[in-house]
Amino acid sequence: MKLKFSNSNLRFVILALSCLVLISINYCNDIPSIIKNDFLVYFSQYPNLDAEYVFDMLYTTYSIPNIVIPIFGGIICDKLGSRLMTLVLYALVLIGQTLFSASLFLQNFHLMIIARFLCGVGGETIKNTVTKLLMHWFADKEIALAQAIKTSSSRFTFIANAMVSSSLVMSAQGVTKAINLGTMMVFGSFIATILLCGLDYLAERQWKDTTKKDEKVTLKEICRGTMQFPPMYWSLAVISTLVYMCWQLIQTCSSSYMSDVFSHNDLTPAEIRQNVGFLLALQSFIGMVLTPLFGCFIDRYGKRVILLGLALIVLLACLLLFIVTHPIFPMILFGLTTSIFSATLWPTVNLIVKDKYFSTSYGVLSSINNIGLSLSPVIISRYKGKDASYVNLFFLFSCLCVLAFMFYIDFIRRDYYRKTSLNSTQQNKIKEERDFVPSKNADTVGKAGPLPIGDEESSTLLGDVENPTKV
């Protein structure tokens, strides 16, 4: 019955609603960072509050829970279904953002922290549930394109947010207006969330689709399946974590680094801000445009493993060019590498891990990524204090990129021993190999059939394969 979903034009409505749901969440999450200086000025008027501490706590309380919560959220989603979890998680975001607006009005710092915690609990895990919904509608067809469009919507949100919020803070009570606008967007997108889940439910009933029910598994099966995730999954987890850490360095330090560079060119402060804003917008615009194009390329031509390697090479060049050239060149490369990697990562995970465990695998991967993202600020603050030229920082994170490339080599090696490479366009054959359960009476891999990916014997069978057939 999945064929009926993936051939229906209604899938594009589902994609549009999914993007609307995530746009409002990303918009609210980005507001404090976009108007950081205005936030600090706003909090500095209260003598009992440390403005920098308050601002840091807004993101700490948002991020720290997501080291663990995505794992449990993914398990619960695999157990109860993506529709119910999407509604529950969005309700948490709605409550959290409403409390955040109220905390500004009441000038209650503790309420503000609770609000950000609720937004963090719901805002990150809901990306998991929405992705699973999209997988059902774009199964084996345009899934990379759908994921890429979803990612591009977040880039568009950042650009639009920077323009709107920066304009609002220029007026009286600007910080409050910016936050309240985000709250209104969350209320509006709650309607989109209800429509998204409602249409998915009605379509399932009309077409009498039973695949979702089959995907609901017991908690014991989910835990057992998690322990049996293939080695390729864990290699990809390390690669993505190291890549995201490098991205965080660029996102955190690029603005101040470029301001330092432009300050030596006899530019006025207004011209410096204009140039920095242009380069930041250019990077986001490149990502917004190219990510869907790479997603479409992957759906049509495959080449997932090759594109992962290309993304790492471009990222390494980007980090090194920050040291030796004008910032425009590394910022262009940054937009390119984010486009390639974002379009490739999640469709690749989908082909490595069984569908019924996808939410759990997404949650585990998100938690591992968040561990790395929580370490990056510590590393950045330490080395930035020692050398204001940023040379140590960019060189250190270049070494992390090289480390990611070493894990990528292991990823290539494991892909080589598959019967059907992840570079192939034949997704059905890749999934058949992934889902294959070997016969208990089989003595060899040849008798058992294709090499199992993601089962108990997968890691021990890797060394027994000779002369694999590549597709």
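Mentor: Start with Arg414. This is a predicted model, and in it Arg414 has a relative accessibility of 16%. The limit for buried is under 20%, so Arg414 counts as buried. Its side chain meets that of Asp410 in a salt bridge, at 3.2 Å from N to O. Both residues sit in helix H17, four residues apart, so about one helical turn separates them.

Asp410 has another partner. The side chains of Arg413 and Asp410 also form a salt bridge, again listed at 3.2 Å, N to O. Here the spacing is three residues within helix H17, which covers residues 391–416. That, too, is about one helical turn. Arg413 is partly exposed, with 39% relative accessibility. Arg414, by contrast, is buried.

Now move to another pair. Glu204 and Arg83 join their side chains in a salt bridge of 2.6 Å, N to O. Glu204 belongs to helix H9, residues 174–206, while Arg83 belongs to helix H6, residues 82–106. The two parts are 121 residues apart in sequence, so this pair ties them together. Glu204 is buried, at 8% relative accessibility. The pair is also part of a network: salt bridges link Arg83, Asp200 and Glu204. In total, the model has six salt bridges.

Stay with helix H9 for a moment. Ser189 is placed there. Its relative accessible area is 10%, so Ser189 is buried. Look past its neighbours within four places in sequence. Ser189 then contacts Leu20, Val21, Ser24 and Tyr90.

Next, the nonpolar surroundings. In soluble globular proteins, nonpolar side chains tend to be buried together. The largest nonpolar core here has 90 residues. Leu319, Phe341, Val349, Phe397 and Phe411 touch the most other members. Helix H12, residues 231–263, gives this core its largest share, 17 residues. A separate core has 24 residues, including Phe55, Leu58, Phe100 and Leu104.

Finish with Phe341, one of those residues that touch the most other core members. Set aside residues up to four places away in sequence. Phe341 then touches Ile239, Ser240, Val243, Tyr244, Trp247, Leu308 and Ala311.

Glu204 pairs with Arg83 across helices H9 and H6. Find those pairs in the view, then look for Phe341 in the largest core.

Notes:
Residues are numbered from 1 along each chain as its sequence is written. This is a predicted model: local features need pLDDT of at least 70, side-chain atom pairs count only at pLDDT 80 or more; totals for chains, interfaces and linings use all residues. Side-chain values use heavy atoms; hydrogens and water are left out. A salt bridge is a side-chain nitrogen of Lys or Arg within 4 Å of a carboxyl oxygen of Asp or Glu. Buried means under 20% relative accessible area, exposed over 50%, partly exposed in between (1.4 Å probe, protein chains only). Contact means heavy atoms within 4.5 Å. A nonpolar core is a set of buried Ala, Val, Leu, Ile, Met, Phe, Trp, Tyr and Cys residues joined through side-chain atoms within 4.5 Å.
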